[in-house]
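This report goes through one structure, region by region. The sequence and the coordinates come first, and the notes follow.

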Amino acid sequence: MFVFVQINSDTLIGPDSSVYLSRYADWSRLERVTFALDSVTSATSLFTRHFPSSEAGTGQFGYSGVTEDRLAGEGASYNMNIFRLTGDLSHLAAIIILLLKIWKSRSCAGISGKSQVLFALVFTTRYLDLLTSFISLYNTTMKVIYIGCSYATVYLIYMKLKATYDGNHDTFRVEFLIVPVGGLAFLVNHDFSPLEILWTFSIYLESVAILPQLFMISKTGEAETITTHYLFFLGLYRALYLINWIWRFYFEGFFDMIAIVAGVVQTILYCDFFYLYVTKVLKGKKLSLPA
């Protein structure tokens with residue numbers, strides 16, 4: 001027996017069908033979210049979670065707290081803007097710069113292996129939805145590149161070029177990051193489910209994953225120019241994503257407090273570095289961080 005629930009003129013929910021929930025982000029833009037449902041019960045659950053301030057029957061839904069990747073992971077379409085695109089490209093540039101630096105010099109000197117392990121953990125826990133859903137070729141390609149490059153970097157540092165790795169200066173206690181971040185992910189998340197908790201964990205961890213690298217630079221007293229370029233593009237990626245969030249909130253009414261707060265924390269950690277990069281590196285001087 002099939003049971004269908006009519007929410008409004010263009011919304012239909014039923015077993016073995018799809019649900020098309022229309023939402024107006026800023027009273028002028030119409031977006032469609034498609035969810036594959038098996039029962040009316042699951043439809044109700046998804047409806048309650050993703051549209052907590054819904055006004056049934058009007059076709060207008062307030063929403064917050066569901067991030068782009070998690071929302072996309074459940075079948076939603078989302079818009080690309082110039083800030084998100086350039087942010088992705090800056091992130092990709094940072095990864096390529098680091099890999100080329102290591103490969104061409106055949107040395108991992110000045111690179112924190114611990115930071116790279118944390119980034120590999122970030123991408124692994126964030127992109128588990130690769131196993132459950134397909135969003136777009138661009139989305140999948142970027143995720144695979146991030147994961148693959150992060151593990152390639154870890155392999156070069158700890159195995160192939162292990163003799164060049166400066167472990168004596170890479171001494172940051174990463175457990176002081178992983179344990180609190182893991183606890184926070186359990187306490188503050190959008191939904192208490194394994195994938196959502198792991199996604200939240202990755203967001204929190206990424207905001208502080210660069211600390212071992214900055215700590216290592218402060219211990220050695222300076223950083224190679226190519227390493228500073230890597231850090232600059234990594235920080236630029238996060239700054240551009242913050243602008244992306246502002247853009248999306250202003251033009252689409254979409255925001256995610258967890259991602260925004262974590263992004264602000266991460267950007268703040270780069271502030272001193274950005275200043276030194278502009279005042280020293282761009283003028284041909286070596287960068288050093290205060291011990």
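This is a predicted model: local features need pLDDT of at least 70, side-chain atom pairs count only at pLDDT 80 or more; totals for chains, interfaces and linings use all residues.

Arg106 sits in the loop that links helix 3 (82-105) to helix 4. Its phi is positive, about 55°, although Arg106 is not a glycine.

## Helix 4 against helix 8

Two packed helices are described by the angle between their axes and the distance between the axes. For helix 4 (residues 113-126) and helix 8 (residues 211-220), the axes come within 7 Å and cross at roughly 170°. Helix 4 is therefore roughly antiparallel to helix 8, because an angle over 145 degrees falls in that class. On the helix 4 side the contact involves Lys114, Ser115 and Leu118, and on the helix 8 side Leu211, Pro212 and Gln213. By residue type, the contact of helix 4 with helix 8 consists of three nonpolar, two polar and one charged.

Ser115 belongs to helix 4. With a relative accessibility of 0%, Ser115 counts as buried. When neighbours within four places in sequence are left aside, Ser115 is in contact with Ala209, Ile210, Leu211, Pro212 and Gln213.

## Thr200 in helix 7

Is Thr200 buried or exposed? Its relative accessible area is 0%, so Thr200 is buried, the cut-off being under 20%. Thr200 is placed in helix 7, which covers residues 194-208. The side chain of Thr200 reaches the backbone oxygen of Glu196 at 2.8 Å. Neighbours within four places in sequence aside, the contacts of Thr200 are Ala185, Val188, Asn189 and Ile258.

## Annotated transmembrane regions

An unreviewed UniProt entry places the feature "transmembrane region" at residues 144-161, 173-192, 198-218, 230-251 and 257-278. Such annotations may be inferred rather than shown by experiment.

In the model, residues 144-161 are 94% helix and 0% strand, with the end C-alpha atoms 23 Å apart. Residues 198-218 are 90% helix and 0% strand, and there the end C-alpha atoms lie 31 Å apart.

Ile260 is in helix 10. Its relative accessible area is 23%, and Ile260 is therefore partly exposed. Which residues does Ile260 contact, leaving aside its neighbours within four places in sequence? They are Leu242, Trp245 and Phe255. For Trp245, which is 15 residues from Ile260 along the chain, the C-alpha separation from Ile260 is 7.1 Å.

Val278 also lies in helix 10, which runs over residues 257-279. Val278 has 46% relative accessibility and so counts as partly exposed.

## The chain as a whole

The protein chain has 10 helices and six strands. Of its 291 residues, 46% count as buried. Among contacts between residues at least 6 apart in sequence, 68% join residues at least 24 apart.

Terms used
Residues are numbered from 1 along each chain as its sequence is written. Side-chain values use heavy atoms; hydrogens and water are left out. Helices (H or I, at least four residues) and strands (E, at least two) are DSSP runs, numbered from the N terminus. Buried means under 20% relative accessible area, exposed over 50%, partly exposed in between (1.4 Å probe, protein chains only). A polar contact is a pair of N or O atoms within 3.5 Å; within protein, one must be able to donate a hydrogen and the other to accept it, and residues adjacent in sequence count only if both atoms are side-chain atoms. Contact means heavy atoms within 4.5 Å. Axes are lines fitted to C-alpha atoms, for helices over the stretch in contact, and angles run from 0 to 180 degrees between N-to-C directions. Angles under 35 degrees count as roughly parallel, over 145 as roughly antiparallel, 65 to 115 as roughly perpendicular and the rest as oblique. Ala, Val, Leu, Ile, Met, Phe, Trp, Tyr, Cys and Pro count as nonpolar, Asp, Glu, Lys and Arg as charged, and the others, Gly among them, as polar.
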